[in-house]
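The exercises below concern side-chain contacts in a predicted model. Each task is followed by a worked solution.

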Amino acid sequence: MLILASASPIRRQILENVGLEFEVVPANIDENAEKDLGKSLEMIAKSLAEAKAVAVSLDRPGDWVIGSDSVVGVDGALFNKPASREEAAEHLRKFSGKKMLLTSGVALAHDGEVDWSHFGRAELEVRDLSEEFIQSYLDSEWPDVGNTVGVFRIEGRGIQLFETIAGGHFTILGMPLLPLLKRLRNKGLMQS
């Protein structure tokens, strides 16, 4: 059995769209414990993905578990998912006119051990955002963007936040998909 250790609707949709059969079992980990500021964004994203996959695989012996997570850094600061609309607006003000570094990690675990992990990185140039735009944006996107670390859904109105984007589409959605699919094929967990 293949399991996705994430409650993220977009990660679930990504895996459904490629035809994988899997069960969703959200991981219950302390994400803040993994967000050591001494680590790079890449290592934090990988650590979070690995921790989620391992946590669920400990309860599901014999199953293969996919963990995935994303982190956002702007001006050297690490951002969490906003806890409120007001915090989301504050994040957007801090992102305005800046380069956002988004890193997504993905891991595969089996019987409580990490089998494989990978990260992808994207750079997104946030355009200058007016206060009017921020409020209008949140009027239409809140509370859905409250579940995203960068306060956006790239597949929706969130694309309007950016001037340029460099990086993999699936990394930006929150899961570096192509390396994961390659690993699943190599392990015989999907057709090759």
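**Exercise 1. State how many aromatic pairs the structure holds, then classify the pair Phe79 and Phe95.**

Solution.
- Step 1: There are three aromatic pairs in the structure.
- Step 2: The ring centres of Phe79 and Phe95 are 4.9 Å apart, and the planes stand at 75°.
- Step 3: Planes over 60 degrees apart count as edge-to-face, so this pair is edge-to-face.
- Step 4: Phe79 belongs to strand β4 (residues 77–79) and Phe95 to helix α4 (residues 85–95), so the pair ties together parts 16 residues apart in sequence.
- Step 5: Both Phe79 and Phe95 are buried.

**Exercise 2. Classify the pair Phe152 and Phe162, and decide whether each residue is buried or exposed.**

Solution.
- Step 1: The centres of the Phe152 and Phe162 rings lie 4.9 Å apart with planes at 80°, so the pair is edge-to-face.
- Step 2: Phe152 sits in the loop between α5 (131–141) and β7 (162–166), while Phe162 is in strand β7; the two are 10 residues apart.
- Step 3: Buried means under 20% relative accessible area. Phe152 has 7% and is therefore buried; Phe162 has 10% and is buried as well.

**Exercise 3. Find which residue lies over the face of Phe133, and at what distance from the ring centre.**

Solution.
- Step 1: The residue is Arg127.
- Step 2: Its distance from the ring centre of Phe133 is 4.4 Å.

**Exercise 4. Give the number of salt bridges, then describe the one between Asp63 and Arg60 and the network it belongs to.**

Solution.
- Step 1: The structure holds 15 salt bridges.
- Step 2: In the bridge between Asp63 and Arg60, the closest N and O atoms are 3.0 Å apart.
- Step 3: Asp63, at 11% relative accessibility, counts as buried, whereas Arg60, at 23%, counts as partly exposed.
- Step 4: Through shared partners, salt bridges join Glu23, Arg60 and Asp63 into one network.

**Exercise 5. Determine which elements are tied together by the salt bridges Glu131 with Arg93 and Glu123 with Lys99.**

Solution.
- Step 1: Glu131 and Arg93 form a salt bridge whose closest N and O atoms are 2.9 Å apart.
- Step 2: Glu131 is in helix α5 and Arg93 in helix α4, so this bridge ties together parts 38 residues apart in sequence.
- Step 3: Glu131 is partly exposed at 32%, and Arg93 is partly exposed at 35%.
- Step 4: For Glu123 and Lys99, the closest N and O atoms are 3.5 Å apart.
- Step 5: Glu123 lies in strand β6 (residues 113–126) and Lys99 in strand β5 (residues 99–110), so the parts tied together are 24 residues apart in sequence.
- Step 6: Glu123, at 33%, is partly exposed; Lys99, at 38%, is partly exposed too.

Technical notes: Residues are numbered from 1 along each chain as its sequence is written. This is a predicted model: local features need pLDDT of at least 70, side-chain atom pairs count only at pLDDT 80 or more; totals for chains, interfaces and linings use all residues. Side-chain values use heavy atoms; hydrogens and water are left out. Rings of Phe, Tyr and Trp (its six-membered ring) pair if their centres lie within 6.5 Å; planes under 30 degrees apart count as stacked, over 60 as edge-to-face and the rest as tilted. Helices (H or I, at least four residues) and strands (E, at least two) are DSSP runs, numbered from the N terminus. Buried means under 20% relative accessible area, exposed over 50%, partly exposed in between (1.4 Å probe, protein chains only). A charge sits over a ring if NZ of Lys or CZ of Arg is within 6 Å of the ring centre and within 35 degrees of the ring normal. A salt bridge is a side-chain nitrogen of Lys or Arg within 4 Å of a carboxyl oxygen of Asp or Glu.
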